[in-house]
Amino acid sequence: MASVQEKLADSLSVLKAYQDTHENIIIQGMKTLGETHTKRLIQNGYLEQVIKGWYMPTMPGMEGDTTVWYASYWQFIVAYANNRFGTDWCLTPEESLDLYAGETVAPHQLILRSTKASNNVIQLKHGDSLLDITAAQPRNVVVEPRFGLRIYPLSEALVFCTPTYFTRNAVNARTCLLMVSSADEILKEVADEGNSSRASRLVGALRNVGRDDMAQKIQDYMVRIGHDMRPEDPFLDKVDNTLTSGRIIS
């Protein structure tokens with residue numbers, strides 16, 4: 001009969017084999033590793049439940065450690081969202097911009113958009129939560145390379161983020177504005193739908209970061225096709241326009 005140590009070693013080898021063949025290490029359901037192995041790994045501190053039926057790897061003595069959770073946070077989000085919604089989901093424009101700016105800190109409450117959503121709140125580890133809202137997807141979802149998160153294209157995120165994003169997340173907003181390669185990226189989002197108010201806001205925002213030529217091109221084009229443009233600066237202050245752009249997600 002196998003000893004306790006041998007049984008645990010067997011379960012650990014099953015866990016390692018799973019990790020070696022899956023980019024996302026989050027485990028869904030006891031059937032993934034088998035009920036016996038899963039229970040044994042939980043009991044010995046090698047797996048921890050995130051929500052019912054979903055587990056993340058950990059190490060003995062680190063059960064409940066916030067470091068383990070936040071190291072697994074985005075992988076859990078992707079695994080859960082893909083399982084529930086398939087490809088019909090993405091993050092909000094605001095969270096998309098944070099990622100473009102290089103910020104990967106887990107928000108206290110993350111919002112997912114999906115036409116299959118049920119406006120449901122799920123309580124996660126350490127007081128975090130996940131809210132899914134019934135909402136349409138952007139025309140072209142971008143899958144960022146690090147975690148596989150589904151996000152808005154940069155220009156579309158800038159157009160459709162809330163006006164308060166420019167005041168609450170000014171550094172990230174400015175970083176993203178400096179990453180836009182041409183006025184055409186913005187125009188294709190605002191011209192077709194006649195979003196003159198959103199275009200006016202971005203004209204003001206672009207001028208704030210010193211991209212006057214791009215701002216003027218957007219304003220001139222919108223006026224030329226018949227829109228009333230009233231540019232307004234959404235930021236609360238002016239800053240030195242010498243900024244370092246963040247990580248580009250493509």
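**Exercise 1. Identify which residues touch the most other members of the largest nonpolar core.**

Solution. A nonpolar core is a set of buried Ala, Val, Leu, Ile, Met, Phe, Trp, Tyr and Cys residues joined through side-chain atoms within 4.5 Å. Buried means under 20% relative accessible area, exposed over 50% and partly exposed in between (1.4 Å probe, protein chains only). The largest core has 64 residues, and Phe76, Ile77 and Leu149 touch the most other members. Helix 3 (residues 66-85) supplies the largest share of this core, eleven residues. Apart from this core lies another, of nine residues, including Leu8, Tyr18, Tyr46 and Tyr55.

The model is predicted: local features need pLDDT of at least 70, side-chain atom pairs count only at pLDDT 80 or more, and totals for chains, interfaces and linings use all residues. Residues are numbered from 1 along each chain as its sequence is written, and side-chain values use heavy atoms, with hydrogens and water left out.

**Exercise 2. List the residues that Leu149 touches, not counting residues up to four places away in sequence.**

Solution. Contact means heavy atoms within 4.5 Å. By this criterion Leu149 touches Trp74, Ile77, Val78, Trp89, Leu91, Leu99, Val142, Val143 and Glu144.

**Exercise 3. Determine how strand 3 (residues 54-57) pairs with strand 2 (residues 47-51).**

Solution. Helices (H or I, at least four residues) and strands (E, at least two) are DSSP runs, numbered from the N terminus. Two strands pair if DSSP finds at least two bridges between them.

1. Strands 2 and 3 are antiparallel, with four bridges; Ile51 stands opposite Trp54.
2. The two strands form a hairpin with two residues between them, and Gly53 in the turn has a positive phi of about 90 degrees.
3. Strand 1 (residues 27-28) also pairs with strand 3 in the antiparallel sense, over two bridges; there, Tyr55 is the bridge partner of Ile27.
4. From strand 3, Trp54 and Met56 point one way, Tyr55 and Pro57 the other way, and all are buried.

**Exercise 4. Explain why the buried residues of helix 8 lie on the same side of that helix.**

Solution. In helix 8 (residues 183-190), the buried residues are Ala183, Ile186, Leu187, Glu189 and Val190. They lie on the same side because they cover an arc of only 165 degrees around the axis, the arc being that of the directions from the helix axis to the C-beta atoms. Their cover includes helix 5 (154-160), helix 9 (196-208) and helix 10 (212-224).

**Exercise 5. State whether Ala173 is buried or exposed.**

Solution. Ala173, in helix 7 (residues 170-179), has 0% relative accessibility and therefore counts as buried. Leaving aside neighbours within four places in sequence, Ala173 contacts Leu158, Tyr165, Phe166 and Phe235.
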